[in-house]
Amino acid sequence: METSKFEQLVRQALNELPNEFHSRMENVDIVVEDRPTRDQLIGSGLDEDQCLLGLYEGIPLPDRYNYDLVLPDKITLFQVSIESMCETEEDVIREIQDTVVHEVAHHFGIDDDDLNAMGVR
Ligand SMILES: [Zn+2]
(Lines give C-alpha, C1' and ligand atoms only; values in the text may rest on other atoms or scores of the structure.)
Protein backbone atom coordinates (compact mmCIF):
# COMPACT_ATOMS: atom_id res chain seq x y z
CA MET A 1 0.00 0.00 0.00
CA GLU A 2 1.22 3.49 -0.81
CA THR A 3 2.23 5.54 2.22
CA SER A 4 -0.13 8.32 1.12
CA LYS A 5 -3.00 5.83 1.10
CA PHE A 6 -2.03 4.54 4.51
CA GLU A 7 -1.83 8.11 5.86
CA GLN A 8 -5.25 8.79 4.46
CA LEU A 9 -6.62 5.76 6.31
CA VAL A 10 -5.02 7.05 9.50
CA ARG A 11 -6.70 10.44 9.06
CA GLN A 12 -9.97 8.64 8.44
CA ALA A 13 -9.57 6.61 11.64
CA LEU A 14 -8.95 9.84 13.54
CA ASN A 15 -12.04 11.44 12.07
CA GLU A 16 -14.08 8.47 13.15
CA LEU A 17 -13.11 8.91 16.77
CA PRO A 18 -15.95 10.15 18.96
CA ASN A 19 -16.18 13.93 18.97
CA GLU A 20 -15.41 14.30 22.66
CA PHE A 21 -12.08 12.56 21.97
CA HIS A 22 -11.37 14.77 19.05
CA SER A 23 -12.08 18.06 20.73
CA ARG A 24 -9.94 17.13 23.74
CA MET A 25 -6.81 16.04 21.90
CA GLU A 26 -4.21 18.67 22.52
CA ASN A 27 -0.79 19.20 21.03
CA VAL A 28 -0.36 15.78 19.51
CA ASP A 29 1.21 14.87 16.18
CA ILE A 30 0.29 11.71 14.34
CA VAL A 31 2.96 10.28 12.05
CA VAL A 32 3.49 7.18 9.95
CA GLU A 33 6.81 5.30 9.89
CA ASP A 34 7.73 2.00 8.26
CA ARG A 35 8.77 0.18 11.40
CA PRO A 36 9.95 1.02 14.91
CA THR A 37 13.58 1.79 15.61
CA ARG A 38 15.48 -0.48 17.97
CA ASP A 39 15.26 2.17 20.70
CA GLN A 40 11.52 2.51 20.29
CA LEU A 41 11.10 -1.26 20.59
CA ILE A 42 13.27 -1.51 23.65
CA GLY A 43 11.61 1.57 25.15
CA SER A 44 8.31 -0.24 24.84
CA GLY A 45 9.69 -3.25 26.66
CA LEU A 46 9.61 -5.47 23.58
CA ASP A 47 12.20 -7.74 22.03
CA GLU A 48 13.48 -7.05 18.56
CA ASP A 49 11.47 -9.87 17.06
CA GLN A 50 8.22 -8.65 18.57
CA CYS A 51 5.80 -6.55 16.66
CA LEU A 52 5.01 -2.97 17.57
CA LEU A 53 2.12 -1.52 15.60
CA GLY A 54 1.87 1.88 17.18
CA LEU A 55 3.61 4.00 19.74
CA TYR A 56 2.63 6.87 21.97
CA GLU A 57 5.38 9.20 23.15
CA GLY A 58 4.69 12.25 25.24
CA ILE A 59 3.09 13.57 28.36
CA PRO A 60 -0.49 12.33 28.89
CA LEU A 61 -3.05 15.08 29.46
CA PRO A 62 -3.62 14.28 33.17
CA ASP A 63 0.13 14.64 33.82
CA ARG A 64 0.47 18.08 32.28
CA TYR A 65 1.42 20.13 35.23
CA ASN A 66 3.48 23.20 34.36
CA TYR A 67 3.12 22.14 30.76
CA ASP A 68 4.88 24.82 28.79
CA LEU A 69 7.32 24.94 25.90
CA VAL A 70 7.15 21.21 25.47
CA LEU A 71 7.31 19.25 22.26
CA PRO A 72 3.98 17.92 21.11
CA ASP A 73 3.00 14.37 21.97
CA LYS A 74 3.69 12.00 19.14
CA ILE A 75 1.66 9.02 18.03
CA THR A 76 3.42 6.85 15.47
CA LEU A 77 1.81 4.14 13.39
CA PHE A 78 4.18 1.59 11.89
CA GLN A 79 2.95 0.82 8.42
CA VAL A 80 5.12 -2.19 7.61
CA SER A 81 4.41 -3.80 11.00
CA ILE A 82 0.67 -3.29 10.59
CA GLU A 83 0.61 -4.55 7.01
CA SER A 84 2.60 -7.64 7.92
CA MET A 85 -0.24 -8.66 10.25
CA CYS A 86 -2.94 -8.13 7.67
CA GLU A 87 -4.07 -9.91 4.54
CA THR A 88 -6.69 -7.59 3.15
CA GLU A 89 -7.18 -3.86 2.99
CA GLU A 90 -10.10 -4.25 5.38
CA ASP A 91 -7.75 -5.88 7.88
CA VAL A 92 -5.40 -2.92 7.53
CA ILE A 93 -8.23 -0.44 8.07
CA ARG A 94 -9.37 -2.29 11.20
CA GLU A 95 -5.84 -2.58 12.54
CA ILE A 96 -5.25 1.15 11.99
CA GLN A 97 -8.48 1.98 13.83
CA ASP A 98 -7.58 -0.26 16.78
CA THR A 99 -4.09 1.17 16.96
CA VAL A 100 -5.26 4.79 16.75
CA VAL A 101 -7.81 4.24 19.53
CA HIS A 102 -5.17 2.52 21.67
CA GLU A 103 -2.55 5.26 21.28
CA VAL A 104 -5.05 8.12 21.66
CA ALA A 105 -6.17 6.46 24.91
CA HIS A 106 -2.58 6.75 26.13
CA HIS A 107 -2.67 10.46 25.24
CA PHE A 108 -5.63 10.72 27.63
CA GLY A 109 -3.64 8.98 30.35
CA ILE A 110 -5.22 5.54 30.05
CA ASP A 111 -2.48 2.92 30.37
CA ASP A 112 -2.26 -0.59 28.97
CA ASP A 113 -3.56 -2.18 32.17
CA ASP A 114 -6.62 0.05 32.11
CA LEU A 115 -7.18 -0.77 28.46
CA ASN A 116 -6.92 -4.48 29.18
CA ALA A 117 -9.43 -4.10 32.00
CA MET A 118 -11.80 -2.37 29.57
CA GLY A 119 -11.34 -5.12 27.02
CA VAL A 120 -9.52 -2.87 24.53
CA ARG A 121 -6.42 -4.22 22.90
ZN1 LIG B 1 -0.15 0.61 24.75
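**Figure 1. The aromatic pair of Phe-21 and Phe-108 in the predicted model**. The count of aromatic pairs comes to 1. The ring centres of Phe-21 and Phe-108 are 5.3 Å apart and the ring planes meet at 70°, so the pair is classed as edge-to-face, the class for planes over 60 degrees apart. The relative accessibility of Phe-21 is 27%, so Phe-21 counts as partly exposed. Phe-108, at 18% relative accessibility, counts as buried, because buried means under 20%.

**Figure 2. Met-25 and His-107**. Met-25 is found in the loop between α2 and β1 (28-33). With a relative accessible area of 18%, Met-25 is buried. The C-alpha atoms of Met-25 and His-107 are 7.7 Å apart in space, while the two residues are 82 residues apart in sequence.

Figure 3. Helix α5 holds both His-102 and His-106, which are 4 residues apart, about one turn of the helix. His-102 has a relative accessibility of 14% and therefore counts as buried. His-106 is also buried, with a relative accessible area of 13%.

**Figure 4. Lining of the largest pocket**. The volume of this pocket is about 500 Å³. Its lining consists of 20 residues, and those nearest the centre of the pocket are Leu-52, Gly-54, His-102, Glu-103 and Asp-112. Two or more lining residues come from each of α3 (38-43), β2 (54-57) and α5 (89-107). Helix α5 gives the most to the lining, with 6 residues. By residue class, the lining of the largest pocket divides into 6 nonpolar, 7 polar and 7 charged residues.

**Figure 5. Positive phi angles at Asn-66 and Leu-69**. Most residues other than glycine have a negative phi. Asn-66 has a phi near 55°, a positive value in a residue that is not glycine. Leu-69, likewise not a glycine, has a positive phi of about 50°. Asn-66 is located in the loop between β2 and β3 (73-78), and Leu-69 is found in the loop between β2 and β3 as well. Asn-66 has a relative accessible area of 68% and is exposed, because the cut-off for exposed is over 50%. Leu-69 also counts as exposed, at 87% relative accessibility.

**Figure 6. Arg-64 over the ring of Tyr-67**. Arg-64 lies over the face of Tyr-67. The distance from Arg-64 to the centre of the Tyr-67 ring is 4.1 Å.

Methods:
Residues numbered from 1 in each chain as written. Predicted model: local features only at pLDDT ≥ 70, side-chain atom pairs only at ≥ 80, totals over all residues. Heavy atoms only, no water. 1 Å grid on protein atoms, 1.4 Å probe; cavity = no way out; pocket = protein on both sides within 12 Å on 5 of 7 lines; lining within 4 Å. Points joined across faces, edges and corners; volume = space filled by probe spheres on them. Nonpolar A, V, L, I, M, F, W, Y, C, P; charged D, E, K, R; others polar. Phe/Tyr/Trp six-rings, centres within 6.5 Å; stacked < 30°, edge-to-face > 60°. Buried < 20%, exposed > 50% of the residue type's maximum accessible area, 1.4 Å probe, protein only. Lys NZ or Arg CZ within 6 Å of the ring centre and 35° of its normal.
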